[in-house]
Amino acid sequence: MGTTPDSGQLIAMLLNLLNAKNTIELGVFTGYSLLLTALTIPDDGKILAIDSNLESYELGLPVIRKAGVEHKINFKHSPALPVLDKLLEDDKNRGSFDFAFVDADKTNYGNYHERLMKLMKIGGLIVYDNTLWYGTLAMPEESVHKLMRSERSYLLEFNKFLAADTRIQISQVSLGDGMTICRRLF
């Protein structure tokens, strides 16, 4: 569990290409992708990091502190949807984020997408992790372990939804467990 190094390299490149300063991360776990983002964005950049598991975040916090980037991170110990809804109550937040990385509960990806689209700048990127779900999206359902079928089914529908969303340009990248990069067009 965690972002793979090759996925991390791509995220860093995307952040640099965007000159991203204001980012959001849904699902932090131990903070590898969070650390990567904090190291990549400028010293005055900010990351709103949201995770309901404080213990996992605190496990990686010493590394973040040692890297000297903790000041860039605003960690919210919470499920993501209430935080996103609160952000949207203030019009200043709409269209204010350059980049989002989503590696949280897969069954809420659609809910996150609608909120993040309102928070992203035009031209901003939303990157969804695990969108190939261990390769199971290419397998017949009967060959997929029963415990993975509900997320598999949801991610199949989510990928179809993204492919049909005219507000974004997408690229499905087969790094790690699959990432879908969405660029807000309007």
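## Strands β4 and β5

In this predicted model, phenylalanine 97 has methionine 120 of β5 as its bridge partner. The strands β4 and β5 run parallel and are joined by 5 bridges. In general, the strands of a sheet pair through backbone hydrogen bonds, in either a parallel or an antiparallel way.

## The sheet

β4 and β5 belong to an open sheet of 7 strands, whose order is β3-β2-β1-β4-β5-β7-β6. The pairing in this sheet is mixed. At the edges stand β3 and β6 (168–173), and each has a single partner strand, so one side of each is left without a neighbour in the sheet. On average, neighbouring strands are turned by 15° against each other, direction ignored.

## Helices on the sheet

Helix α1, residues 5–18, packs on the sheet and touches β1, β4, β5, β6 and β7 (179–184). The direction of α1 makes about 170° with that of β4. Helix α5 lies across β1, β4, β5, β6 and β7, and runs at about 155° to β5.

## Helix α4

Which residues of α4 are buried? They are Ala80, Leu81, Val83, Leu84, Leu87 and Leu88. Seen down the axis of α4, these buried residues fall within an arc of 165°, so they line one face of the helix. The face turned away from the buried side carries Lys86 and Glu89, which are exposed.

The buried residues of α4 are covered by elements that include β1, β2, β3 (73–77), β4 and α5.

## The nonpolar cores

In soluble globular proteins, nonpolar side chains tend to be buried together. Here the largest nonpolar core has 29 residues. Those with the most contacts inside this core are Ile24, Leu26, Tyr112, Leu116, Ile126 and Tyr128. Two or more residues each come from the strands β1 (22–26), β2 (46–51), β4 (97–102) and β5 (120–129), and from the helices α4 (80–89), α5 (109–119) and α6 (149–164). The element that gives the most to this core is α4, with 6 residues.

## Around isoleucine 126

What is isoleucine 126 in contact with, leaving aside its neighbours within four places in sequence? The contacts are Ala100, Val102, His113, Leu116, Met117, Met120, Thr180, Ile181 and Cys182. One of these, Leu116, is also listed with Ile126 among the residues with the most contacts inside the largest core.

Notes: Residues are numbered from 1 along each chain as its sequence is written. This is a predicted model: local features need pLDDT of at least 70, side-chain atom pairs count only at pLDDT 80 or more; totals for chains, interfaces and linings use all residues. Side-chain values use heavy atoms; hydrogens and water are left out. A nonpolar core is a set of buried Ala, Val, Leu, Ile, Met, Phe, Trp, Tyr and Cys residues joined through side-chain atoms within 4.5 Å. Buried means under 20% relative accessible area, exposed over 50%, partly exposed in between (1.4 Å probe, protein chains only). Helices (H or I, at least four residues) and strands (E, at least two) are DSSP runs, numbered from the N terminus. Contact means heavy atoms within 4.5 Å. The arc is that of the directions from the helix axis to the C-beta atoms. Two strands pair if DSSP finds at least two bridges between them. Axes are lines fitted to C-alpha atoms, for helices over the stretch in contact, and angles run from 0 to 180 degrees between N-to-C directions.
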